[in-house]
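Me: Hi! Could you walk me through this structure with a few questions and answers?

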Amino acid sequence: MTSEQATAKTAGQTPSKQGRRLPPEVSILLVLIGIALIYEVLGWIFVGQSFLMNQQRLTIIILQVSVIGIIAVGVTQVIITGGIDLSSGSVVGMTAMIAASFAQASTWARPVYPSLTDLPFIIPLIVGLGIGLLAGIVNGALIAQTKIPPFIATLGMMVSARGVAKWYTKGSPVSGLTDQFNFIGTGIWPVVVFLVVAFIFHIALRYTRYGKFTYAIGANVQAARVSGINVERHLIKVYAIAGVLAGLAGIVTAARAQTAQSGMGVTYELDAIAAAVIGGTSLTGGVGRITGTVIGAIILGVMISGFTFLRVDAYYQEIIKGVIIVAAVVVDVYRQKKRKV
Amino acid sequence: MAVSPTTMAAVRASGAVPKAEYLLNVENIRKEFPGVLALDDVSFRLKRGTVHALMGENGAGKSTLMKILAGIYVPDQGEVFLKGLPIRLKSPLDALENGIAMIHQELNLMPFMTVAENIWIRREPKNMFGFVDHGKMFEMTADLFTRLNIALDPESQVRDLSVANRQMVEIAKAVSYESDVLIMDEPTSALTEREVAHLFEIIRNLRSQGIGIVYITHKMNELFEIADEFSVFRDGRYIGTHASTDVTRDDIIKMMVGREITQMFPKEIVPIGDVVLSVKDLVLKGVFSGVSFDVRAGEILGIAGLVGSGRSNVAETIFGVTPATSGSITINGKSVAMSSPNQAIQHGMAFITEDRKETGCLLILDVLENMQIAVLQDRFVKFGFVAEKEISAACKVMSDKLRVKTPNLQERVENLSGGNQQKVLIGRWLLTNPKILILDEPTRGIDVGAKAEIHRLVSELAKQGVAVIMISSEMPEVLGMSDRIMVMHEGRVTGFLDRDEATQVKVMELASK
């Protein structure tokens, strides 16, 4: 028997042995449910109340998750191409500051632009998304044209964008925002924005040429190039989208807080990467789904909320969060290894 | 009953080395890789103070044998004797300590360290405080260079040296281990004539000191110039050993290729149409130059040549992967700029690359995703959305036609065999309805059955009027499939052979010109 026949035979056996493979999101969802149930049990034991039967808590969780989630949708796409975006947190701070400066009410005593107050919501929105887009294009162009590692390019942007955020008002916050602007941050709106963004890019990744090319580049950039994909142009697109989404997250963050500060969004990039990785996006590229990232973001939110609920010290929370992120990557590496055998 | 390196060293130091007839003696070595028998019952003997050349086509087993001698591979069967004593080499370090040093084709030096540091790495002379004694190290290096007649500054950084000088450093390093056996793998491939002359001088010097040199080469003239003896290998088998004064060039070529072409190439003779692709004076600076040829509709143009002759580079340049420095590419009479694969695809070209894993397959994605990726450039897409149903149906038809053995289109490509991966890649390009198909080593690492299927398919495409360019290292494949053969050597086209006149001997002659 030739080796090919042997391989074909084993390949033929695989599906029958495993049955129909479940989509990877199912296992992540099970993890989420598991964590929630653990908190539920621990809640009754140590705190004497339910973790889940508390609508206010659930609302807070989902609200907290939305901003990270919006960023994570962009970061997921970047990671699928085999890259990384460390700049999103700083871009949040930068766009929050700049967008807010175009959203100040005339009633506020010291607006950044005294002649540009009470503008309609569309202006700060466009400005914010535009700033994010610009940051993303710079990231993408640097990576695609100079071939420097994404880690370095976006690290540079992370430092510089934070610098812009501080320089913009010499450190002072931008307050007195219009109700129109703040509206996007009230009630359930951040969640709506998150879910709409997630839906759009879920569709884009799964059903459009943009999505197919994104996965192809992550799976094998050389092969993608030989197959006719303009890899440079595509990478710029992907980083630009990540930038726009970070900009959107900046707007939502400022609107929620009804003020903008240069320190907004610090370490959000890490939470977003964590959400993507927990959601099954592989740091080696070519693998990942938006649905997984949404669940990943919710897992992160539930974990944090659970710690607070169980009155775990804030310091422990951070320590444990770090452990979880590393664990998610270890699981990913293990998954990749197992696949190869 | 292998002897440990320390024992060997002690034996050597005592001068009590048994006066074995041969310095190195390899008996009945067998080495198998998954699916390939690389060496089959091979024996080989190296005399003291001689240069012994190893000859053979690509894949004849020379490199595998060398890697066994250098401790990189462990043989499945057989024994290696050094000066009559059996040794068992488990690592390159092992080989080095036994006095066998290999100078690799791709040099293994650390570019940011000095020449002296590179030579004495791991064995640096130390001063009384345990720090590296640089003064002494440079002295030792200078002595070594004097002995070998090498004019190099021991303190210069390796990255500043030319390839030839790096090779000198490698040789000096090997000699510094007091090696008895030196293995050189095509050492002149990147050298100028003058540098080659210097290298040969050094080799003769080493030979006169009693060192045995195993010398791999594809170049006939070198064989007659430097080698005392030579051994020929073919398809993993040892063919014979002769003194280089006893034979002619033709004798050696016959020994290298002397096999019958099997009847597995179902090449049909089809009417050949107009010129589809015409390449004129194509140059890729430093890689190849002056490449000109035409390919006609229905024609299969084979490109033969040794590995490194620039065959694959020509294909990559025509396809826009590495745009040409100068020269022109004409398709159907129109001159075209070829600066990206995307442009090549727009002009009806398809390119199945040499390395399936590196530049072909999207291994972690499934069969469907792998097949559709090239055709999505301009078909099966509406408003950015992929027409899933249509493309799936088209891929299914293609995969059935090519008889890809896969449970379904959702199977990851990495789970398929090499032959089926290759079929998926062929399917990827056939979906684009190419007018020009470039195949680089289309059947490398594929078993016989799949090979024949791929050959039949290529023949069928030519019949439909596709112009085919096929690069192959397998002589029977080139001879069996091609209407015309272009032979390359060191970045130049050395000749064209028509199907009727082409023989293995003629191709080999052109390939080693």
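Reply: Of the 341 residues in chain A, 48% count as buried, where buried asks for 20 or more other C-beta atoms, placed from the backbone, within 10 Å of a residue's own. This is a predicted model, where local features need pLDDT of at least 70, side-chain atom pairs count only at pLDDT 80 or more, and totals for chains, interfaces and linings use all residues. Residues are numbered from 1 along each chain as its sequence is written, while chains are lettered from A and ligands numbered from 1 in the order in which they are written.

Me: What radius of gyration does chain A have?

Reply: The radius is taken over C-alpha atoms, and the globule rule is 2.2 Å times the number of residues to the power 0.38. For 341 residues, a compact globule would come near 20 Å, which agrees with the value for chain A: 22 Å.

Me: How many residues of chain B are in contact with chain A?

Reply: Two residues are in contact if their C-beta atoms, placed from the backbone, lie within 7 Å. Chain A brings 27 residues to this contact, and chain B brings 39.

Me: How many residues on the side of chain B that touches chain A are charged?

Reply: Asp, Glu, Lys and Arg count as charged; Ala, Val, Leu, Ile, Met, Phe, Trp, Tyr, Cys and Pro as nonpolar; the others, Gly among them, as polar. That side of chain B has 19 nonpolar and 14 polar residues, and the charged ones number 6.

Me: How far apart are the C-alpha centres of domain 2 and domain 3 of chain B?

Reply: Domain bounds come from an automatic or database domain assignment. In chain B, domain 2 covers 263–348 + 434–513 and domain 3 covers 360–433. Their C-alpha centres lie apart by 24 Å.

How values were computed
Buried ≥ 20, exposed ≤ 12 C-beta atoms within 10 Å, placed from the backbone.
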